[in-house]
Amino acid sequence: MASAAGDALKKTGLYDFHVANGAKMVPFAGYSMPLSYGNVGAVASHHHVRNSAGLFDVGHMVQSNFRGPTATAFLEWLTPSSLKSLPQYSSTLSVLLNERGGIIDDTIITKHADDAYYVVTNAGRRDRDLAWFKEKVAEWNAGEKAKTEGPVEHEVLEDWGLLALQGPEAAQYLQGLTSFDLRELTFGKCAFVPIEGFNLHVARGGYTGEDGFEISIPPSQTIDVAQLLSKPPVQLTGLGARDSLRLEAGMCLYGQDLDEDTTPVEAGLTWVIGKDRRESGDFIGAEGVRKHLKEGPPRRRVGLIVEGAPARQGAKIFTPSGDEQIGTVTSGIPSPTLGKNIAMAYVANGWHKKGTEVAVDVRNKLRRAVLTPMPFVPTHYYRG
């Protein structure tokens, strides 16, 4: 995920804030990002988020607005999600698909109104996504629907901050800073919330499996809000803990667990495709997706618990006898919460049932592994 040699790493608006707080900065998705802070290791940070609350800078992500009378129809062409029926101030996980049905990126789409959407995409896919948006907006606006009902415009919220406050104590902490009743904000909902004099877009959700909030912040306010949100019990948390938290929660990392040669059906993301959309097939990449829905995909994303030693990205998966390769690990770690080695992988269709035993090649030794449902650790989203 590091940028190519010679490319200057980009910085989020909190770069100096991280350095001042003792962050170890590393290249990630073209940005200089905090791996950890001070002498707090990734495992200790991980446990703190699971038991208390952590604050993550996710300002490297790309934040966009899509507006216009045909915004809903446009985004329903660009993605397989049912956005017409999505309530206002609600979010859904979605995918941008290429013409073959492969995943260009995974994204969170938030509907503010039928003609206004807020969309977050991945930093590592910034150039690919923005070029795709530009091309498809131009194509859409040249079409009949846009000409009769009105065009769509795309705005990138350049240099805006994005902070994720995550963990079982996140809500109580944030509630102490606002008069807004956060109990009204259930998982997948958002609102503009007054926080100590700032009026900020707050979405309930996140990438850790815990209750939490993603807070979008205008550039001039990002440092002030970060200072406000990073007092005890909240700890600043870096990429090291973010990766182990998301993997325990069964969340994909683009570039490892998702790519342009993988359909949402293979990736276990069929649920993001609206039932009405499966039938109509009026979205980019529909043909490849519907083929996999109808015939079954050639491979499937699964969870594994691996005995003995952790299987890392790229580890090969074999039949129990070791005779035939049937898959590959895409992400793997020792789980801090479970004290077991967990992994995400793709295996051939038919080998994907829970409880199936396989063998994983870890450093030239075949290790026994068992297919396990994800998330590995129960999620604690707030549903009211």
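Predicted model: local features only at pLDDT ≥ 70, side-chain atom pairs only at ≥ 80, totals over all residues.

Mentor: Two strands count as paired if DSSP finds at least two bridges between them. β12 covers residues 212-217. Five of its six residues are buried, so the strand is largely enclosed by the rest of the structure. Its pairing can be followed strand by strand. Strand β9, residues 161-166, is joined to β12 by six bridges, and the two run antiparallel. Within that pairing, leucine 163 has isoleucine 215 of β12 as its bridge partner. Strand β11, residues 198-204, is also antiparallel to β12, here with four bridges. Arginine 204 stands opposite phenylalanine 213 in β12. As a general point, strands of a sheet pair through backbone hydrogen bonds, either parallel or antiparallel.

Antiparallel pairing is also found in a barrel. Six strands close it in the order β14-β17-β16-β15-β18-β19, with antiparallel pairing. From one strand to the next, the twist averages 40 degrees. One of the pairs is β15 (residues 316-318) with β16 (residues 325-334), which are antiparallel over three bridges. There, phenylalanine 318 stands opposite glutamine 325 in β16.

Helix α8 lies across β16 and β17 (341-348), and runs at about 130 degrees to β16. The crossing of α2 past α8 is right-handed. On the α2 side the contact is made by Ala42, Ser45, His46, Val49 and Arg50, and on the α8 side by Gly240, Ala241, Ser244, Leu245 and Glu248. Sorted by class, this contact has four nonpolar, four polar and two charged residues.

Helix α3 (residues 71-78) and helix α4 (residues 126-141) pack at about 125 degrees, with axes 11 Å apart. α3 and α4 are therefore oblique to each other. Here too the crossing, α3 past α4, is right-handed. Ala73, Phe74, Trp77 and Leu78 of α3 meet Trp132, Phe133, Lys136, Val137, Glu139 and Trp140 of α4. By class, the contact of α3 with α4 has eight nonpolar and two charged residues, and no polar ones.

Methods
Residues numbered from 1 in each chain as written. Heavy atoms only, no water. Left-handed = near helix turned anticlockwise from the far one by under 90°. Contact = heavy atoms within 4.5 Å. Nonpolar A, V, L, I, M, F, W, Y, C, P; charged D, E, K, R; others polar. Axes fitted to C-alpha atoms, helices over the stretch in contact; angles between N-to-C directions. Buried < 20%, exposed > 50% of the residue type's maximum accessible area, 1.4 Å probe, protein only. Parallel < 35°, antiparallel > 145°, perpendicular 65-115°, else oblique.
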